[in-house]
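Here is a set of questions and answers on one protein chain. Please keep the structure open while reading.

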Amino acid sequence: MKKKDKLLKLLLIMVFLGLGIWYVAIFGGANIIKFYVASGIGDCGKIPILCMLPIEKITVQANKECIAEFLPYSFSKIQVYLPKGFNVTCELTKKAYYKRKAYKQRNSYAYLLYEEPGFFLELFPQLKKAGVKNNYEFIERVMCANYNGIKNINDAFFVIMKSIFIPDLGDQRKVRMMRIAIGNKRGFLSYNIDKDATYFESSLIDDRDQFFKICVKDRSAKIGQEQIFAIISTLDKP
């Protein structure tokens, strides 16, 4: 079975939501579409990050001293450096971008994902009609989606995708979202440094439109902002 078909089957909920949104878009307005989305995945009260936007833009500089203490993890299409003590997984886009089982395990873990240029436009061809031209524009629309700003079907689609793309980050009310630039890559970072654990996820797209993603939960809570920046700066092809 093709990768595209696998992902579409595992995102079946989006099909039902999409059909419902299409129906209410014809027979109702923005408020009805928002109500339908809230009924399906929740609103900003249930998922606060659906109303959060990247409010900072920074250029990340790699801390070579931090990286020197990390261990390398390399897969066929993606690599990263991480502190000791992590379970690292890399898979195709077939389990909604992260395994729910991983969030139940006691160990710290990192989930890696790589996709080819133009992957999301091949997955959702209708996005071209919404003005999306490449992987970066898709990710930008997802990360900047806002439940309170839903006015049409396209807005609802990206809010739904945002709920899928951003995994468990602990108490979402404490999450910071920002735009980042690292060498030939640009993208987004969402993180939460809590007393019990550090959570972060980053989606980066390089100048060839290649997509790199990492989701991390550090149960030791030893990773701080500087370490986060160092880790994502090593995200690349082997």
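## Burial, sheet and rings

Buried residues make up 49% of the 238 residues in the protein. The model is predicted.

Q: How many helices and strands does the secondary structure come to?
A: The assignment follows DSSP runs. For this protein the total is eight helices and nine strands.

Q: What average pLDDT does the protein have?
A: A score of at least 70 is reached by 82% of the residues. The stretch 93–104 stays under 50, and the model gives it 27 contacts beyond four places in sequence. The average pLDDT over the protein is 84.

Q: What share of the contacts with a separation of 6 or more comes from residues 24 or more positions apart?
A: A contact needs heavy atoms within 4.5 Å. Among contacts with a separation of 6 or more, the share from residues 24 or more positions apart is 59%.

Q: Which strands stand at the edges of the open sheet?
A: The sheet has seven strands with mixed pairing, in the order S1-S6-S7-S8-S9-S5-S4. An edge strand has a single partner, so one of its sides is left without a neighbour in the sheet. The edge strands are S1 (56–59) and S4 (86–90).

Q: What is the average twist from one strand to the next?
A: The open sheet runs from S1 to S4 in the order S1-S6-S7-S8-S9-S5-S4. From one strand to the next, the twist averages 20°.

Q: What angle does the direction of helix H8 make with that of S7?
A: Helix H8 (residues 225–233) packs on the sheet. It touches S1, S6, S7, S8 and S9. Its direction makes an angle with that of S7 of about 145°.

Q: Which residue in S9 is the bridge partner of leucine 113?
A: Strand S5 (residues 108–115) and strand S9 (residues 211–218) run antiparallel. Seven bridges join them. In S9, leucine 113 has as its bridge partner lysine 213.

Q: Which residue in S3 is the bridge partner of leucine 71?
A: Strand S2 (residues 71–74) runs antiparallel to S3, with four bridges between them. In S3, leucine 71 is partnered by leucine 82.

Q: Which residues form the uncovered face of strand S3?
A: Strand S3 spans residues 79–82. Its covered face has Val80 and Leu82. The uncovered face has Gln79 and Tyr81.

Q: Is serine 190 buried or exposed?
A: Serine 190 is found in strand S7. Beyond four places in sequence, its contacts include Ile166, Met177 and Phe200. The cut-off for burial is under 20% relative accessible area. At 1%, serine 190 is buried.

Q: Why is the pair of phenylalanine 124 and phenylalanine 157 edge-to-face?
A: Plane angles over 60 degrees count as edge-to-face. The two ring centres are 5.3 Å apart, and the planes of phenylalanine 124 and phenylalanine 157 meet at 75°, so the pair is edge-to-face.

Q: How many residues apart in sequence are the parts that phenylalanine 124 and phenylalanine 157 tie together?
A: Phenylalanine 124 and phenylalanine 157 are both buried. Phenylalanine 124 lies in the loop between H5 and H6, whereas phenylalanine 157 lies in helix H7 (residues 153–165). The parts tied together are apart in sequence by 33 residues.

Q: Which tyrosine has arginine 186 over its face?
A: The cut-off for a charge over a ring is within 6 Å of the ring centre. Arginine 186 lies at 3.7 Å from the ring centre of tyrosine 136.

Q: What separates the C-alpha atoms of lysine 34 and lysine 151?
A: Lysine 34 lies in helix H3 (residues 30–40). It is buried, with a relative accessible area of 17%. Lysine 34 and lysine 151 are 117 residues apart along the chain, yet their C-alpha atoms are separated by 8.1 Å.

Q: What phi does aspartate 209 have?
A: Aspartate 209 sits in the loop between S8 and S9. It is buried, at 14% relative accessible area. Although it is not a glycine, aspartate 209 has a positive phi of about 75°.

Q: Where is alanine 221?
A: Alanine 221 has a positive phi of about 60°. At 24% relative accessibility, alanine 221 is partly exposed. Its place is in the loop between S9 and H8.

How values were computed: Residues numbered from 1 in each chain as written. Predicted model: local features only at pLDDT ≥ 70, side-chain atom pairs only at ≥ 80, totals over all residues. Heavy atoms only, no water. Phe/Tyr/Trp six-rings, centres within 6.5 Å; stacked < 30°, edge-to-face > 60°. Helix = DSSP H or I, 4+ residues; strand = E, 2+ residues; numbered from the N terminus. Buried < 20%, exposed > 50% of the residue type's maximum accessible area, 1.4 Å probe, protein only. Lys NZ or Arg CZ within 6 Å of the ring centre and 35° of its normal. Pairing = 2+ DSSP bridges. pLDDT = per-residue confidence, 0-100. Axes fitted to C-alpha atoms, helices over the stretch in contact; angles between N-to-C directions.
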